[in-house]
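Reader: I'd like to learn how to read contacts, cores and sheets from a structure. Could we walk through one together?

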Amino acid sequence: MKSIRTVLSELNGFDKLENSLSGKAALVRISEISDSVRPHLIEAVAESYPIRVIITYSEIRAKQICEDLLFYDRNAMFFPSKDLIFYQADIRSGEITRQRLKCIRSMTTARHLTVVTCFSAFMTPQIPPDIIRKAMIRITDKSIVDEKELALRLSFLGYERTAQVEAPGQFSIRGDIVDVFDITGENPVRIELWGDDVESIRVFDVSTQRSIEQLESVEIFPATELLIEEEKLRSGFKRIKEEAGER
């Protein structure tokens, strides 16, 4: 990247662009540059920023920019808009939700990240990071776990209880074995209990059921973008009942 930066520094206006980005946070609009130069320029002028957000006019354009940036930045991620067309297939809607949540998780945990999105996705209200961090379930090999309480918390986070996990966003409880397929993960996790004590935490293959890796701890990310605290739920139910009585 140093050789590319050296070439770009000779262009008119590059110094002015760098100066405008000298603060802790900056908003810059760049136009009338070719597609081949765009990823070079983005990476060169924004290399000192650990978290970068690139906004464009459409999802198609955002995907193209993200694919170009992946050549220089492995941490580039595309953040899609919410699927608001209700008659579309559930599988597409589920994949979009998963992609959005994976990006949100990276934004709350990553030290270096480039997010590419469009205006419709950028302007959608998001869950505050503090609420997400508070909602995450953290289990270690020394934790004490109540199966009923864990099932309630997973359901609150948007996970679906099934007989056997087969896809992201599902969990199952069979005796002292709890399987959870994190919505942002590539493989499910198996938590084996001895009473209320965690005996082991393992990543396993969903097709063969064979263990892949032993873990000391696991963090389960919410499987929904709608997280409502219990106090707010009770308040909402109360208002609904009051309004129903008035009607």
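Reader: Happy to start with a single side chain. Which residues does Leu-154 touch, not counting residues up to four places away in sequence?

Author: Keep in mind that this is a predicted model. Leu-154 touches Ile-137, Tyr-159, Phe-171, Val-180 and Ile-220, once residues up to four places away in sequence are set aside.

Reader: How should I read a group of contacts like that?

Author: In soluble globular proteins, nonpolar side chains tend to be buried together. Here the largest nonpolar core has 37 residues, and the members that touch the most others are Ile-139, Leu-154, Tyr-159 and Ile-191. There is also a second, separate core of nine residues, with Ile-54, Cys-66, Ala-76 and Phe-78 among them.

Reader: Now the sheet, please. In what order do the six strands of the open sheet come?

Author: The order is β5-β6-β7-β8-β9-β10, with mixed pairing. At the edges stand β5 and β10 (211-215); each has a single partner strand, so one side of each is left without a neighbour in the sheet.

Reader: How do β6 and β7 run, parallel or antiparallel?

Author: Strands β6 (residues 170-174) and β7 (residues 177-180) run antiparallel and are joined by four bridges. Within that pairing, Ile-173 stands opposite Val-178 in β7. Helix α8 packs on the sheet, where it touches β5, β6, β7 and β8 (189-194), and its direction makes about 165° with that of β6.

Reader: What does Arg-161 touch, leaving out residues up to four places away in sequence?

Author: Arg-161, found in strand β5 (residues 160-161), touches Ala-151, Phe-171 and Ile-173. Sequence and space can be compared too: Arg-161 and Val-180 are 19 residues apart in sequence, with their C-alpha atoms 9.3 Å apart.

Terms used
Residues are numbered from 1 along each chain as its sequence is written. This is a predicted model: local features need pLDDT of at least 70, side-chain atom pairs count only at pLDDT 80 or more; totals for chains, interfaces and linings use all residues. Side-chain values use heavy atoms; hydrogens and water are left out. A nonpolar core is a set of buried Ala, Val, Leu, Ile, Met, Phe, Trp, Tyr and Cys residues joined through side-chain atoms within 4.5 Å. Buried means under 20% relative accessible area, exposed over 50%, partly exposed in between (1.4 Å probe, protein chains only). Contact means heavy atoms within 4.5 Å. Helices (H or I, at least four residues) and strands (E, at least two) are DSSP runs, numbered from the N terminus. Two strands pair if DSSP finds at least two bridges between them. Axes are lines fitted to C-alpha atoms, for helices over the stretch in contact, and angles run from 0 to 180 degrees between N-to-C directions.
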